[in-house]
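Please prepare a briefing on the side-chain contacts and strand pairing in the model shown below.

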Amino acid sequence: MKASFRFTAPNMLAEAQAGNLFVPLGPDLVECVCTLRCIASPDGPRADMPAAARFNPDAELAVVVLACRVGRGEPEYYPPGYVTTLPGAAPIQFLQLSAPLQLQASNGIQDVAHSAGLPPCAEAPRPAPLYADLDAMQRDMDMLHVINSSRIDALSRHRHALHASAVAPESLARPELASRL
Amino acid sequence: MHAHAVSAVPAPKSLKPVSSIRPGQHFLRLDSPNEVLVLVSFAGMEAADSLFLWAVVVATNHDSAGYVPGQLLKIARNTHVRPVHEVRPAAYAREQ
């Protein structure tokens, strides 16, 4: 999802708690809204690393990208759900949500293009897309693979037969020179 | 951040197995549609697992039961989910 934010005063990543939103100030993920990776526990969500261990100079904290200020294909773009580690001393800026996210049910290829920020197609939409879903595409790919595999096998057998007849000693001009090895 | 992070939850329109969701695509669970999820990716690739996939919460609404952004969830590959896309992106500001 797209995001817009401004920041000035930095904090340390080790100060972040589970569920906090922040933007790293460098060197990585500088265009991304991130949060600490956390897991469910009886006491509620908690980060992978205890609070005391985060201030270890060698501590590496797992962070998850939630949103990005730049679009797909641009430098420093990372998709939502991207997981990486940053040092606990990495500078960050805490963020808060100022406008909520609005969602719509995805309806296939056109919605994917819409979500990617692509302009609408100039020509009339097709009555049926070439592939309605990835499963249909995968089935066609598998069928194509089977057909190609059978053709490759047939060609390979034909080639072996030709090669065997071509190098047979009796087919040579001087069969006595054919190696027995 | 968590409350009202999502202002509109769409009605069910199309269902897909979670294994066919591409990295970066947002989706909702059928049994708990108050959290927006994406699959966890490492350098653009999904985490290798034969039966399960890992998803992460990226936004919640006020009906969410204790989930926070960044929380990992383990989902069976054959679980059907509802893919969604954003009509209006969320906006963030510096915390006061």
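**Side-chain contacts and strand pairing**

Tyr78(A) and Tyr82(A) are both buried, where buried means under 20% relative accessible area, exposed over 50% and partly exposed in between, with a 1.4 Å probe and protein chains only. This is a predicted model, in which local features need pLDDT of at least 70 and side-chain atom pairs count only at pLDDT 80 or more, whereas totals for chains, interfaces and linings use all residues. Residues are numbered from 1 along each chain as its sequence is written, chains are lettered from A and ligands numbered from 1 in the order in which they are written, and side-chain values use heavy atoms, with hydrogens and water left out.

**Ring contacts**

- One aromatic pair is counted over all chains, the rule being that rings of Phe, Tyr and Trp (its six-membered ring) have centres within 6.5 Å, with planes under 30 degrees apart called stacked, over 60 edge-to-face and the rest tilted.
- That pair is formed by Tyr78(A) and Tyr82(A), and it is tilted, at 4.8 Å centre to centre and 40° between the planes.
- In chain B, the charged end of Lys74(B) sits over the ring of Phe52(B), 4.8 Å from its centre (NZ of Lys or CZ of Arg within 6 Å of the ring centre and within 35 degrees of the ring normal).

**Salt bridges**

- Over all chains there are three salt bridges, each a side-chain nitrogen of Lys or Arg within 4 Å of a carboxyl oxygen of Asp or Glu.
- Glu31(A) and Arg69(A) form a salt bridge whose closest N and O atoms are 2.9 Å apart; Glu31(A) lies in the loop between β2 and β3 of chain A and Arg69(A) in the loop between β6 and β7, so the pair ties together parts that are 38 residues apart in sequence.
- Arg37(A) meets Asp48(A) in a salt bridge of 2.8 Å, N to O, and Arg37(A) is partly exposed at 23% relative accessibility, as is Asp48(A) at 35%.
- In chain B, Arg29(B) and Glu35(B) form a salt bridge of 2.9 Å, N to O; Arg29(B) is buried with a relative accessible area of 12%, and Glu35(B) is buried with 1%.

**Strand pairing**

- Strands β2(A) and β8(A) pair in the antiparallel sense over four bridges, where pairing requires that DSSP finds at least two bridges and strands are DSSP runs (E, at least two residues; helices, H or I, at least four) numbered from the N terminus.
- Phe22(A) stands opposite Phe94(A) in β8(A).
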